[in-house]
Amino acid sequence: MEKFKEIFSIGEEIYLNPELGFKENHTSNIVENYVKKYLPQVKIEKFAQTGIKFNLPGERKDINVAVIAELDGVFAPSHFHADCKTGAAHNCGHHTQVAIMLHLFRSLVENEEYKNLDFSIGFIFVPAEEYLDLDYRKKLKEDGVITYFGGKAEGMKDGIFDEYDFGICVHAMGGVFPQRSIEVNCDLAGFMYKNYKFKGKAAHAGFAPSAGVNAYSISTLFNVALGMYRQQIDEKYLVRINPVVLHSNMGVNVIPNEITVGTDIRAHSAEYMIKLANQLDNMAKGSAMALGGEVEIETNMGYLPFIQSRYLSTFVKSAYEKFEEIKFCRDETPISAAGDIGDLSYIIPSIQIGYSGFKGTIHGDDFIHEDNEYIFSIFPQFLMSVLKEMSGKIDKSQLYKKSYEEYKKTIDILGGNDEK
């Protein structure tokens with residue numbers, strides 16, 4: 001009961017003091033102080049402004065596992081517990097991730113339980129999972145402070161994950177569940193952004209419309225082409241494309257000469273995202289050419305698709321079958337949301353175990369933890385059982401490893417980042 005009260009108090013403290021990515025100083029301090037309380041000799045490594053990494057003591061074993069939590073909140077000013085100054089809110093449940101992993105940490109160091117496992121364990125608390133507050137992050141990039149908008153990619157660049165063989169993350173499940181539940185093998189889409197700046201020629205809309213080239217009409221033609229193309233999109237990749245008008249300088253008495261349409265492209269395959277991006281580029285160029293205008297195209301990479309390790313998930317399912325307090329395991333339900341865990345899974349096998357216990361809409365205005373005993377006490381105990389289930393059974397030949405350089409090469413193909 002004492003541990004539950006302590007962990008719940010930490011979860012509440014973080015929930016009521018949400019911070020946006022690369023600004024999670026208060027949350028990071030909470031983690032650091034807690035870790036030093038139970039492991040005073042710990043060597044903490046800082047990265048990416050607010051990120052924290054440390055390994056449990058002892059000699060490095062043959063397999064090294066990264067246990068990961070995310071520090072940041074979402075920009076959601078209308079959330080009922082949003083920070084009134086920054087608009088940050090914990091309506092994605094990251095506050096519970098941090099509390100859960102601190103519970104697991106304490107359970108491992110108490111009585112030196114980690115020594116009974118046949119692998120080493122490191123904890124990584126990562127900033128900036130949510131892809132937002134981009135003006136601030138663009139300034140950090142311009143100043144050479146960061147290279148990537150996502151905290152895990154930034155950690156990968158700094159070599160934070162180099163020593164680990166696989167990663168274990170957890171995440172709140174969206175929706176209300178009648179029973180205490182977990183989720184495995186929930187693959188996520190990757191995403192990229194395209195901006196199309198259509199250029200025409202301004203003219204008087206009443207006196208001489210024939211002298212102009214209507215940029216708005218070009219963008220409309222592009223949208224019609226995209227609408228017709230949707231029939232040709234392969235459904236198995238769970239594609240999402242959401243074009244919106246980002247900028248325009250239109251007035252009713254002037255033929256508009258410029259309009260920018262932005263869209264995300266989400267899919268469960270990086271290769272298919274490239275195919276879609278090329279097809280959209282062709283639509284934009286063709287639309288501009290058809291009406292005598294021009295188009296400038298900008299590409300920005302978001303996150304890679306996240307294909308969870310089915311091999312590692314078998315241990316989660318095996319632990320679930322022996323764990324009576326959890327009544328339901330949802331399996332194989334891919335969604336088109338995204339996360340930077342996809343980037344991490346490119347270099348090492350990774351899993352993200354979902355857990356229920358919330359009410360309200362995830363990323364909505366009313367999201368909050370509800371089943372506190374499950375989230376802050378029972379689920380961390382389940383994670384411990386997963387580690388014990390893995391101990392002595394991990395076949396290293398089932399794991400893969402890629403370098404940051406390989407990751408960067410792939411990201412650059414997708415229109416990624418200019419490294420500073």
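Let's start with a salt bridge. The side chains of aspartate 187 and arginine 310 meet, N to O, at 2.8 Å. This is a predicted model, so keep that in mind throughout.

Where do the two partners, aspartate 187 and arginine 310, lie? Aspartate 187 sits in the loop between strand 8 and strand 9, residues 190-199. Arginine 310 belongs to helix 8. The pair therefore ties together parts 123 residues apart in sequence. Aspartate 187 has 9% relative accessibility, so it counts as buried. Arginine 310 has 30%, which makes it partly exposed.

Helix 8 covers residues 310-322. Helix 10 covers residues 372-390. These two pack at an angle of about 120°. Their axes are 9 Å apart. That angle makes helix 8 oblique to helix 10. The crossing is right-handed.

Which residues make the contact? From helix 8: Leu312, Phe315, Val316, Ser318, Ala319, Tyr320 and Lys322. From helix 10: Phe382, Ser385, Val386, Glu389 and Met390. Sort the contact of helix 8 with helix 10 by class, and you get eight nonpolar, two polar and two charged residues.

Glutamate 373 and arginine 180 meet through their side chains, at 3.1 Å, N to O. Glutamate 373 lies in helix 10. Arginine 180 lies in the loop between strand 7 (166-172) and strand 8 (181-184). So this pair ties together parts that are 193 residues apart in sequence.

One last pair. The side chains of glutamate 45 and lysine 53 form a salt bridge, with N to O at 3.9 Å. The cut-off for a salt bridge is within 4 Å, so this pair counts. Glutamate 45 is partly exposed, with a relative accessible area of 37%. Lysine 53 is at 5% relative accessibility, so it counts as buried.

To recap with the structure on screen. Then follow helix 8 to its packing with helix 10. Then pick out glutamate 373 in helix 10, paired with arginine 180.

Note on methods:
Residues numbered from 1 in each chain as written. Predicted model: local features only at pLDDT ≥ 70, side-chain atom pairs only at ≥ 80, totals over all residues. Heavy atoms only, no water. Axes fitted to C-alpha atoms, helices over the stretch in contact; angles between N-to-C directions. Helix = DSSP H or I, 4+ residues; strand = E, 2+ residues; numbered from the N terminus. Parallel < 35°, antiparallel > 145°, perpendicular 65-115°, else oblique. Left-handed = near helix turned anticlockwise from the far one by under 90°. Contact = heavy atoms within 4.5 Å. Nonpolar A, V, L, I, M, F, W, Y, C, P; charged D, E, K, R; others polar. Buried < 20%, exposed > 50% of the residue type's maximum accessible area, 1.4 Å probe, protein only.
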